[in-house]
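I opened my notebook to go through a structure one feature at a time. Have the sequence and the model beside you as you read along.

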Amino acid sequence: MIAKKMHVDVYERNFMLFSAVLLVLFATAVSVAAFGMGIQVPAPEQRVDPRTVATDPNSPWSAPGLREVAPGKYDAYILARAVPTWEYLPKELTIPAGSSVSFYVTSSDVQHGFKIQDTNANFMVLPGQVSKLTIKFDKPGTYNYICTEYCGSGHGIMYGAIIVTP
Ligand code: CUA
């Protein structure tokens, strides 16, 4: 018995070809973004106990703020909280232009968000988990950070600012 060649309609064949090309295109776009442009999804950095993260003297969030780890390189420990009031600690960070800042953000109570205006930083802040993302600030100016997850009646007043000096 001779196998008959399968008949594929020309529209169907073109559509399959188009789908295959799209897949290659998407895979290329994701690879270029991740490896070429360094755009990455914030990874859960570590686990902490939300009940003690703000009070334990061994926890960096008991004294939130900037640490200069190398010239022009900073670690920023930021605590998001709804109790006793909706705020980020610290409310303000000042760095010189050209600085690279690694943000370590966690919550001592409920779920919050963390978005920095004019950057691609926008991630969830979960109690018990540390969210980390590194951003380089080349342009002087004020970059506000705001809460992007509804966290209670004071959600709208939950913000802070990064001041980048020339
Ligand atoms: Cu914190 Cu909304």
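My entries below go from ground rules to cores, rings, charges, a hairpin, cysteines and one threonine.

**Ground rules**

I am working with a predicted model, where local features need pLDDT of at least 70, side-chain atom pairs count only at pLDDT 80 or more, and totals for chains, interfaces and linings use all residues. Residues are numbered from 1 along each chain as its sequence is written, and side-chain values use heavy atoms, with hydrogens and water left out.

Buried means under 20% relative accessible area, exposed means over 50%, and partly exposed lies in between (1.4 Å probe, protein chains only). This core has 25 residues, and Phe103, Phe114, Ile116, Phe137 and Ile162 touch the most other members. At least two core residues come from each of several strands, including strand 3 (73–81), strand 7 (112–116) and strand 11 (159–165). Strand 3 is the biggest giver, with four residues. For the numbering, helices (H or I, at least four residues) and strands (E, at least two) are DSSP runs counted from the N terminus.

Another core lies apart from this one; seven residues make it up, among them Trp61, Tyr77, Leu79 and Tyr104.

Next I asked what Phe137 is in contact with, leaving aside its neighbours within four places in sequence. Contact means heavy atoms within 4.5 Å. The partners of Phe137 include Ile95, Val101, Phe103, Ile116, Tyr143, Ile162 and Val164.

**Rings**

How many aromatic pairs does the structure hold? I noted 10 of them. Rings of Phe, Tyr and Trp (its six-membered ring) pair if their centres lie within 6.5 Å; planes under 30 degrees apart count as stacked, over 60 as edge-to-face and the rest as tilted.

Phe15 and Phe18 have ring centres 6.4 Å apart and planes at 50 degrees, so I call this pair tilted. Both sit in helix 1 (residues 10–36), three residues apart, about one turn of the helix. Phe15 is exposed, at 56% relative accessibility.

Tyr88 and Phe114 make an edge-to-face pair, 5.6 Å centre to centre with 85 degrees between the planes. Tyr88 is in strand 4 (residues 87–89) and Phe114 in strand 7, 26 residues apart, and their pair links distant parts of the chain. Tyr88 is buried at 0% relative accessible area, and Phe114 is buried at 0% too. I also found a cluster: ring pairs link Tyr88, Phe103, Phe114, Phe123, Phe137, Tyr143 and Tyr145.

**Charges**

Side chains of opposite charge can pair when their charged atoms come close. The rule I used for a salt bridge is a side-chain nitrogen of Lys or Arg within 4 Å of a carboxyl oxygen of Asp or Glu. The count by that rule is four.

Asp49 bridges to Arg51, with the closest N and O atoms 3.1 Å apart. Asp49 is partly exposed at 29%, while Arg51 is exposed at 71%.

Lys136 and Asp138 form another salt bridge, at 2.9 Å between the closest N and O atoms. Lys136 counts as exposed at 52% relative accessibility.

Glu87 meets Lys91 at 2.5 Å, N to O. Is Glu87 buried or exposed? Glu87 is buried, with 10% relative accessible area, whereas Lys91 is partly exposed at 46%. Shared partners join Arg81, Glu87 and Lys91 into one salt-bridge network.

**A hairpin**

Strands 7 and 8 pair in the antiparallel sense over four bridges; two strands pair if DSSP finds at least two bridges between them. Lys115 stands opposite Asn122 of strand 8. Five residues separate these two strands in the hairpin, and Asp118 in the turn has a positive phi of about 65 degrees.

**Cysteines**

I searched for disulfides (a pair of cysteine sulfur atoms within 2.5 Å) and the count was zero. Cys147 is buried at 6%, and Cys151 is buried at 10%.

**One threonine**

My last stop was Thr106 in strand 6, a residue that is buried at 0% relative accessibility. Thr106 and Gln129 are 23 residues apart in sequence, yet 6.1 Å apart in space, C-alpha to C-alpha. Beyond residues up to four places away in sequence, Thr106 touches Gln129 and others, including Val48, Trp61, Leu79 and Val130.

Definitions and conventions:
Core = buried A, V, L, I, M, F, W, Y, C linked by side-chain atoms within 4.5 Å.
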